[in-house]
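Me: I would like to go through the terms used for this structure and see what each one rests on. Please set every value against its definition.

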Amino acid sequence: MLKLLIIAIDSMLISNIVLMRFLGICPYIGVSKKQETAAGMGFAVIFVMVMATLISYLLQIYVLNPLKLEYLQTIVFIFVIAALVQIVEITMKKIAPTLFDALGIYLPLITTNCTILGVAILNIQKNYNLIETIVFSLSTGIGYFIAIYLFAGIREKLDWADVPEPFKGPAIGIITAGLMSLAFFGFTGLVKM
Amino acid sequence: MKENIVQVIKLFLVAVVSAFLLSYVHSITKEPIEKAKNAEITEAIKSVIPNISDQMIIKDTFLVSDVESIPLKAYIIQNNDSTVYAYSVLSYTKKGYGGTITMMIGVDKEFKITGIYPLEFSETPGLGTKMTKNKFKDQFLSKSLSNFKFKVDKDGGDIQAITSATITSRAVGECIERGLKVLEYNFKIGETDSSKTVEVKDE
Amino acid sequence: MNNVFKKLFNGIWTNNPVLVLLLGFCPTLAVSTTVNNAVGMAFAATFVLVSSNIVISSIRKFVPNKMRIPVFIIVIATFVTIVDLVLYGYLPKLHKSLGVFIPLIVVNCIVLGRAEAFASKNNVFDSFLDGLGMGLGFLLTIVVLATIREVIGNGTFFGKNLFGLSYSPAIVAILPPGAFLTIGLLLGGMNFINIKNKEREKMRKKLEKESLKTQKEVK
């Protein structure tokens, strides 16, 4: 139980997927102009991340490992993710149209979001079991949500700030991300085993 | 409909070509990859135990002790007349500033340290990572459980901690102590009991 | 020949994949802690970029439009796996320090982006040049970034000590925050140069106009 808690805190804050591990930065910069869209993207990431990590974990354990096809990991995982996003999109449209209205436009963007594939692969490298896998992917997703939602909040304010001409747009955004990363750095050493 | 089938067949074709290509590359790189996997361990052992010659045999085994339930991987280095030349053990600690640290620790026949080699760690660059420098590592040379307290100076031990990386230094101490204890428990003369060794297999 | 240089320059400066198109940030930031890793990463990505561009542009007429993206992904993932296996076998140290970012070349937006935007519409040679130019642009950016970070944050360049032992480096540069700050400043610097260039261009045009006017008046 303690180990699960540690995994959760570690992947949410200490090794935050965006600010410490540098995954999913393109959408982090791209879809963070408004808090509303940032939240939408964040929820979509949490949702797909848990499903994709779980399915790729099962595939690795029950298909790739027994057949000694570990070297096909990359190609299989990316295909699973691409297919999964499509399936989620179609079923969500039929079953939960309100949810689809909220998250629908972010789903196609997620295929090329490297967090999903990254977490699926990291999860295998870390040798987690089934429950740890679920906790790991869920809390990493939440970590992504925290990072992008906070960032969008800052950027909304930033629109009104007097920024030197060359730094307008993405440049000041990335520097802001750097300062956030510095703040998150304070979490290192938070968990002692 | 017909169009769809053609599309699927084309996709299938691309996938088949890619699978063949990959299995070909895999068959070529298989051997070097195996070698690379072992090379790191061998290199670590060589760097913690001085004067290893190529005739020596390295046997690996898993060890537990009275206080350790998680087995550690240990290596027995034998001369070619199968007398023991030295031991090394792959020890770990979970108390590093950035989580787990694993180290290869080498000792001679008297269980005095001949070298340590950090393998995996995620300490703060520039501070905790100073543990890989000789300035820090050399203080452990020819120390053993009987003549050295593996605690940092702040806690009343003998380890000179790295400036502003006390947690890392403390963790390294714990890591080394664990490795030494397990080795002595299993191999020290007079206490040697083959039943304590979990599994011995030839490399 | 002129055209070739133009294409390459397009990738290196005008449409630099990282600084202008804002693609491929993740590997750029993550592996730029040392110049060594940066060069390794850039070559791996360039290899994937060039070979997948070549293959995709040569099969572009064979691939049905609707199946485009899955086919691209298979092609790219194949080359990435090849790079992964070869590095693991022959350069295990580099493979270890690049870690998860090698398989992640698959989702590097530069590669899929160029496949979709360029290689699927142009001939093999042009796609080759485009891939090479983009690869070089990536290489240049990541090496510049890594140089700054390694020199400031660790006092070394390609692992060689620069300032002697008494120098205590500003560690923050090789920590994650340093990556963001440095690339933010680079981005600002590049914008600064571009803005200055534009102003100069404007000034020149203005001066030309004025001199024309005075010439006319003289006449």
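Reply: Two strands pair if DSSP finds at least two bridges between them. Strands (E, at least two residues) and helices (H or I, at least four residues) are DSSP runs, numbered from the N terminus. This is a predicted model, in which local features need pLDDT of at least 70, side-chain atom pairs count only at pLDDT 80 or more, and totals for chains, interfaces and linings use all residues. Residues are numbered from 1 along each chain as its sequence is written, and chains are lettered from A and ligands numbered from 1 in the order in which they are written.

Me: What makes strand β2 (residues 72–78) and strand β3 (residues 84–96) of chain B a pair?

Reply: β2(B) and β3(B) share six bridges, in the antiparallel sense, and the definition asks for at least two. One facing couple is B:I77 with B:A86 of β3(B). The hairpin of these strands has five residues between them, and B:S82 there takes a positive phi near 50°.

Me: How do you know that β3(B) also pairs with strand β4 (residues 99–107) of chain B?

Reply: Eight bridges join β3(B) and β4(B), again antiparallel. B:G96 stands opposite B:G99 of β4(B), and two residues lie between the strands of this hairpin.

Me: Why are α3(C) and α7(C) called roughly antiparallel?

Reply: The axes of α3 (residues 35–58) and α7 (residues 124–154) of chain C cross at roughly 165° and come within 8 Å. Axes are lines fitted to C-alpha atoms, for helices over the stretch in contact, and angles run from 0 to 180 degrees between N-to-C directions. Angles over 145 degrees count as roughly antiparallel, under 35 as roughly parallel, 65 to 115 as roughly perpendicular and the rest as oblique. α3(C) and α7(C) are therefore roughly antiparallel.

Me: What divides the residues of the contact of α3(C) with α7(C)?

Reply: The contact of α3(C) with α7(C) has 18 nonpolar, eight polar and two charged residues. Ala, Val, Leu, Ile, Met, Phe, Trp, Tyr, Cys and Pro count as nonpolar, Asp, Glu, Lys and Arg as charged, and the others, Gly among them, as polar.

Me: How many residues does each chain give to the contact of chain C with chain A?

Reply: Chain C gives 35 residues and chain A gives 31, where contact means C-beta atoms, placed from the backbone, within 7 Å. On the side of chain C, the largest share, twelve residues, comes from α8(C). That side divides into 29 nonpolar, five polar and one charged.

Notes:
Two residues are in contact if their C-beta atoms, placed from the backbone, lie within 7 Å.
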